[in-house]
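Please read the following account alongside the sequence and the coordinates.

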Amino acid sequence: MDLSTNIAGIKLKNPLMPASGPLVGDYEKMMILEGFGLGCMVTKTISTIAADVPRPCIYGEKDMIMNAELWSEYPPEYWLNEALPKLKRELKVPLIVSVGYTKEDMERLIPLLDPYADAFEISTHYVGKYLSVIGETVKTIRSHTTKPIFMKISPHIPDPVAFAKTVRDNGASGIVAINSLGPTMKIDIKNRKVLVGNDKGEVWTSGPVIKPLALAIVNKIKSAIPDLTVIGVGGISSAEDVVEFLLAGSNAVQMLSSAMLKGKDLYEKIIKDLPQVLEKYNFSSVEEVIKTELSKGSIKFTPDNPVIDHEKCTKCGLCTKICPYFALSLEDKVLVDKEKCFGCSLCESRCPVHAISGVL
């Protein structure tokens with residue numbers, strides 16, 4: 001099974017790489033992650049000064065990470081004098097150097113980092129929403145490097161397509177979509193306090209909880225600019241998720257939060273599982289998934305009613321409790337009131353034993 005892919009002319013042996021964050025915070029961490037078989041490596045975001053990180057800074061729940069970290073806690077001198085020279089010698093996969101944040105930062109950092117990077121990823125988390133400012137930042141970066149530049153879009157950007165067109169027109173090679181969602185907050189009711197966060201009690205949220213948003217933004221950008229390289233990130237936790245992002249329009253993917261929630265060996269598991277998942281869905285390669293057109297937009301305005309498989313149904317009653325239109329009832333079996341049913345599909349999507357069909 002051919003797992004290889006291409007991002008702006010850089011060939012990867014498989015589409016999975018880490019996202020910028022705690023797990024890629026120094027040379028040692030990145031070398032450990034490379035051992036899981038990743039197709040590419042990404043650094044933690046390097047800025048002109050070391051970040052002062054509040055502690056505690058990371059809180060995990062079942063499907064999300066809340067993180068108060070900023071950029072790298074190491075100054076650029078650590079990266080330039082120690083980590084990057086070692087990575088240049090020893091890393092066997094392409095290296096994307098993540099850099100932030102302002103035009104002035106880029107003026108200083110890009111020329112220094114350029115000898116060590118196969119490509120750059122630029123976080124726009126703290127740059128703001130003004131496309132003119134973002135465009136000027138990209139133009140500045142391009143004036144200092146011929147390497148591919150991937151601009152990472154934050155979900156607060158109101159028009160992702162306009163963002164993508166702006167960065168492309170100013171010299172970017174592609175988009176990384178999306179950054180973490182925020183600001184968000186975690187409250188401890190018992191102790192009447194915010195559990196983790198900055199001086200405002202705010203954190204950024206990532207992980208499986210943001211996957212639907214990430215998929216939509218990836219697809220929106222790729223649909224508008226089909227020839228633009230897109231690296232999908234936001235909620236990946238399985239090989240199936242990788243395939244979803246590729247179908248949505250990604251050329252490669254990044255994962256970080258799920259490895260923090262489930263264990264760092266999840267990288268290895270996903271790469272191991274990917275050939276079987278591709279085969280399961282009748283794909284012969286990653287490239288075939290990328291080239292497959294995603295069917296969407298087939299809309300109708302009349303309802304299809306749910307069909308209940310009474311042999312599968314366990315009579316748990318969940319569908320009757322959650323139906324927004326009060327169209328389901330449980331007597332000896334689940335009954336559907338077709339006059340009330342709106343054909344919304346909530347019952348089918350939530351049935352724990354897949355005993356409902358006919359709507360989706």
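Lys315 is partly exposed, because its relative accessible area is 48%; buried means under 20% relative accessible area, exposed over 50%, and partly exposed in between, with a 1.4 Å probe and protein chains only. Lys315 sits in the loop between β17 (307-308) and α11 (318-322); helices (H or I, at least four residues) and strands (E, at least two) are DSSP runs, numbered from the N terminus. Its phi is near 60 degrees, a positive value in a residue other than glycine. Most residues other than glycine have a negative phi, and most peptide bonds are trans.

This is a predicted model, in which local features need pLDDT of at least 70 and side-chain atom pairs count only at pLDDT 80 or more, while totals for chains, interfaces and linings use all residues. Residues are numbered from 1 along each chain as its sequence is written, and side-chain values use heavy atoms, with hydrogens and water left out.

His354 also has a positive phi, near 55 degrees, and is a residue other than glycine. His354 lies in the loop between α12 (346-350) and β20 (356-357). With a relative accessibility of 60%, His354 counts as exposed. Two cis peptide bonds can be located as well. One joins Gly100 and Tyr101, with omega about 5 degrees, and Tyr101 is in the loop between β7 (95-99) and α3 (103-113). The other runs from Ala177 to Ile178, with omega near 10 degrees; Ile178 is in the loop between β10 (174-177) and β11 (181-184).

Now the whole chain. The protein has 12 helices and 20 strands. Its C-alpha atoms fill a box of roughly 75 × 55 × 40 Å along the principal axes. For 360 residues a compact globule would have a radius of gyration near 21 Å, and the 23 Å of the protein agrees with this; the radius is taken over C-alpha atoms, and the globule rule is 2.2 Å times the number of residues to the power 0.38. Buried residues make up 52% of the 360. Of the contacts (heavy atoms within 4.5 Å) with a separation of 6 or more, 66% are between residues 24 or more positions apart.

What holds the central place in the largest nonpolar core, in terms of members touched? Among its 99 residues, Met151 and Tyr267 touch the most other members; such a core is a set of buried Ala, Val, Leu, Ile, Met, Phe, Trp, Tyr and Cys residues joined through side-chain atoms within 4.5 Å. Helix α9 (residues 266-280) gives the most to this core, with seven residues. Another core, of 12 residues, lies apart from the largest one and includes Ile308, Cys313, Leu328 and Cys351.

Helix α7 (residues 239-248) is mostly covered, with seven of its 10 residues buried. Its buried residues pack against α6 (211-224), β15 (229-233), β16, α9 and α10 (286-291). Helix α10 contains Val286, which is buried at 0% relative accessibility. Beyond its neighbours within four places in sequence, Val286 is in contact with Asp2, Leu3, Ser4, Thr5, Pro15, Leu246, Leu274 and Leu278. Just after α7, Gly249 takes a positive phi of about 135 degrees.

Gly249 also belongs to the lining of the largest pocket, where Lys222, Leu247, Ala248, Gly249 and Thr292 are the closest to the centre among 14 lining residues. About 250 Å³ of space lies in this pocket. Here a 1 Å grid is laid over the protein atoms alone: a cavity is a set of points where a 1.4 Å probe fits but cannot get out, a pocket is an open set with protein on both sides within 12 Å along at least five of seven lines, and lining residues have an atom within 4 Å of a point. Grid points are joined across faces, edges and corners, and a volume is the space filled by probe spheres set on the points. Helices α6 and α7 each supply at least two residues of the pocket lining.There are three cavities of 30 Å³ or more, and the largest has a volume of about 500 Å³. Of the 35 residues lining this cavity, Ser20, Gly21, Lys152, Asn179 and Ser180 are the closest to its centre.
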